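Hello,

I am passing on the structure we spoke about. The files come first, and my notes on them follow.

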Amino acid sequence: MRRRIDRWFLSRRPPSDALELTQRNVYIVPTPAGWMLAATLLLLLVASINYQLNLGYLLTFLLAGSVAVGMHVCHGTLRGLALHLLTPEPRYAGAAAVFRVVLDNTRRRTRYGIGLAVHRSGQWAWCDVPAEGSATVEVAFRPERRGLHPVPTLTAETRFPLGTFRVWTVWRPASQVLVYPAPETHPPPLPPGEPLAGPAASAALRAHAAGEYDGVRAYRRGDPLKLVVWKRAAQAQARGSEDLVSRDTQQAQRQELWLDAQATGLPGLEARVSRLCAWVLMADRLGVDYGLRVAGRVLPPSQGEAHKRQCLEALALC
């Protein structure tokens with residue numbers, strides 16, 4: 001019944017990456033502590049009427065007035081707040097995807113004790129929004145499958161100042177998060193290169209005859225130091241990696257590296273995609289040119305951050 005009510009309720013709320021909280025989308029209900037306080041006030045009122053206790057009347061109505069003021073302050077803490085979702089970054093399957101939400105406060109007073117969480121998750125991230133300022137809250141979500149996933153429904157709430165009322169709202173963001181496949185933990189070495197064909201092969205042979213060194217490969221024990229690409233070694237060390245690459249004077253100019261799903265030797269699509277993901281990261285770390293063939297899509301050999309993202313995106317959506 002609760003799932004049906006949630007589906008009906010969420011279907012009436014249009015998705016948007018920005019939300020301004022007003023009286024029409026902010027709700028308030030008593031908390032268990034609030035219901036207990038209401039029962040206590042009722043008991044005090046009955047006892048005061050029964051025994052004609054003036055001090056009992058004073059205490060009862062003093063507490064009731066405090067509860068009424070607390071209800072107004074609690075509702076005003078969330079009402080008027082603006083929520084904005086920043087563009088989510090791609091993540092790998094099985095790892096936590098973190099969404100960053102900016103809370104903007106245009107009023108001249110600080111808003112305290114505002115929580116944000118994935119709807120029905122119970123994992124809250126709390127913050128205070130300064131007066132005429134903003135605060136950023138990070139909410140975690142763990143996607144289990146690769147692909148393009150909608151950002152889950154979020155809930156914002158507050159119980160400030162007395163904890164007797166819960167003021168909350170539900171937000172459906174419109175953004176989507178791209179989830180890359182999980183790379184294989186212990187992948188085999190990169191596959192051997194494939195011979196060049198056509199004009200590219202002729203150009204490579206001419207370059208090799210002229211003594212040019214354009215091809216690179218992973219460093220092998222015994223390679224001369226003059227063949228080590230020290231510029232790429234310095235870049236790898238700056239990224240926290242110690243992988244070395246050497247110039248290939250014989251093979252790299254007549255071959256090109258292709259990461260093919262059929263060359264993985266694995267039966268299932270998910271296993272192939274996981275190995276290809278590990279190979280893409282390995283080739284990018286070594287700084288070599290590589291191409292990708294998967295699910296009928298072909299990405300020509302290249303390198304760099306943009307090419308790596310294209311390959312990972314193709315693996316995520318194949």
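**Helix pair H6 and H7**

Helix H6 (residues 269–286) packs with helix H7 (residues 305–317) at an angle of about 175 degrees, and their axes are 10 Å apart. Angles over 145 degrees count as roughly antiparallel, so H6 and H7 are roughly antiparallel to each other. On the H6 side, the residues that meet H7 are Val273, Leu276, Cys277, Val280, Leu281 and Asp284. Their partners in H7 are Lys308, Cys311, Leu312 and Leu315.

**Confidence**

Please keep in mind that this is a predicted model. The mean pLDDT of the protein is 86, with 82% of its residues at 70 or more. Residues 200–214 have pLDDT below 50; in the model this stretch has 15 contacts beyond near neighbours in sequence.

**Helix H3**

H3 covers residues 54–78, which is 25 residues. From first to last C-alpha it reaches 37 Å, close to the 36 Å expected at 1.5 Å a residue. Its buried residues are Gly56, Thr60, Val67, Gly70, Cys74, His75, Gly76, Thr77 and Leu78. These pack against helix H2 (32–51) and against strands S2 (27–30), S6 (111–118), S10 (154–158) and S11 (165–171). After H3 comes Gly80, with a positive phi near 90 degrees.

**Record annotation**

An unreviewed UniProt entry lists residues 26–49 and 55–74 under "transmembrane region". In the model, residues 26–49 are 75% helix and 17% strand, with end C-alpha atoms 37 Å apart. Residues 55–74 are 100% helix and 0% strand, and their end C-alpha atoms are 28 Å apart.

Regards

Technical notes. Residues are numbered from 1 along each chain as its sequence is written. This is a predicted model: local features need pLDDT of at least 70, side-chain atom pairs count only at pLDDT 80 or more; totals for chains, interfaces and linings use all residues. Side-chain values use heavy atoms; hydrogens and water are left out. pLDDT is the predictor's confidence in each residue, from 0 to 100. Contact means heavy atoms within 4.5 Å. Helices (H or I, at least four residues) and strands (E, at least two) are DSSP runs, numbered from the N terminus. The expected span of a helix is 1.5 Å times one less than its number of residues. Buried means under 20% relative accessible area, exposed over 50%, partly exposed in between (1.4 Å probe, protein chains only). UniProt positions are given in the numbering used here, feature names are shortened, and annotations may be inferred rather than shown by experiment. Axes are lines fitted to C-alpha atoms, for helices over the stretch in contact, and angles run from 0 to 180 degrees between N-to-C directions. Angles under 35 degrees count as roughly parallel, over 145 as roughly antiparallel, 65 to 115 as roughly perpendicular and the rest as oblique.
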